[in-house]
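Subject: Structure for your review

Dear colleague,

Please find below the sequence and the structure that I am handing over to you. My findings follow directly after them.

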Amino acid sequence: MEYVMEAASEKGFARARNEGEAFWLFGMLQEIKIGRADSGGALGLLEIQVPEGHGSPWHVHPEEDEWFYVLDGALTVWVGDAKVELKSGGFAFGPKGVPHTFYGTAPVTRALVGFAPMQFEGFLRAVGHPAPVRELPPHHDGPPPDIAKLRPIAEANGFVIMGPPGPPPGR
């Protein structure tokens, strides 16, 4: 059950499992646990479910730190030239200005992704689709995301897409 007290960014709030706005993006389920409105934009937190082989494009946030904590499953995270394999309890940090990406390496991975400040939420709202159910989206056999179309939306929301989902280009 969600409890929001007046002025959440000043008084605090709580959200239970499966609470928070949920979106489908890049074949993943992404649920907002702490949004811009909750923290005055200072930080954000998503709970994500990632199917094997899915993840984020290779990207960089000029002004936003991003971090990853695996709850269940496994992720491969690239931060700059460093490849890190994370399992349950594993953590990785992608500081602002350092390119990074992640992708699932277990059938389904559940992880927390944090941001400071929270700029990514605008991209999630612009490109993601509100999830009608709290489960992974149906499998998509169509073409991969059109990175050229996504780049200006990403830049308007604080990050630069440098390559497609999966390992960094050339890796």
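In what follows, a helix axis is a line fitted to the C-alpha atoms over the stretch in contact, and an angle runs from 0 to 180 degrees between N-to-C directions. Please note that this is a predicted model.

Helix packing

With that convention, helix H3 (residues 120-127) packs against helix H4 (residues 147-156) at an angle of about 140°, and their axes are 8 Å apart. H3 is therefore oblique to H4, since angles over 145 degrees would count as roughly antiparallel. The crossing of the two helices, H3 and H4, is right-handed. On the H3 side, the contact involves Phe 123, Ala 126 and Val 127, which meet Leu 150, Ile 153 and Ala 154 of H4. By class, the residues of this contact are 6 nonpolar, no polar and no charged.

The sheet

An open sheet is formed by 7 strands in the order E10-E7-E12-E5-E4-E3-E13, with antiparallel pairing. Strands E10 (91-94) and E13 (129-130) each have a single partner strand and stand at the edges, so one side of each has no neighbour in the sheet. H3 packs on this sheet and touches strand E3 (22-25), strand E4 (28-34), E5, E12 and E13; the direction of H3 makes about 75° with that of E3.

Within the sheet, E12 (residues 108-116) pairs with E5 (residues 44-51) in the antiparallel sense over 8 bridges. In this pairing, Val 50 stands opposite Thr 109 of E12, and Pro 51 stands opposite Val 108 of E12. Strand E7 (residues 65-72) also runs antiparallel to E12, and 7 bridges join the two. There, Trp 67 has Gly 114 of E12 as its bridge partner.

Aromatic pairs

How many aromatic pairs does a search of the whole structure find? The search finds 6. Among them is the pair of Phe 68 and Phe 102, which is tilted, with 5.4 Å centre to centre and 55° between the planes. This pair links distant parts of the chain, as Phe 68 lies in strand E7 and Phe 102 in strand E11 (residues 100-104), 34 residues apart.

Backbone features in the loops

Two points of backbone geometry may be of interest to you. The peptide bond that joins Ala 116 and Pro 117 is cis, with omega of about -10°. Pro 117 belongs to the loop between E12 and H3. Asn 18 is not a glycine, yet has a positive phi of about 65°. Asn 18 is placed in the loop between strand E2 (13-14) and E3.

Yours sincerely

How values were computed
Residues numbered from 1 in each chain as written. Predicted model: local features only at pLDDT ≥ 70, side-chain atom pairs only at ≥ 80, totals over all residues. Heavy atoms only, no water. Pairing = 2+ DSSP bridges. Helix = DSSP H or I, 4+ residues; strand = E, 2+ residues; numbered from the N terminus. Parallel < 35°, antiparallel > 145°, perpendicular 65-115°, else oblique. Left-handed = near helix turned anticlockwise from the far one by under 90°. Contact = heavy atoms within 4.5 Å. Nonpolar A, V, L, I, M, F, W, Y, C, P; charged D, E, K, R; others polar. Phe/Tyr/Trp six-rings, centres within 6.5 Å; stacked < 30°, edge-to-face > 60°.
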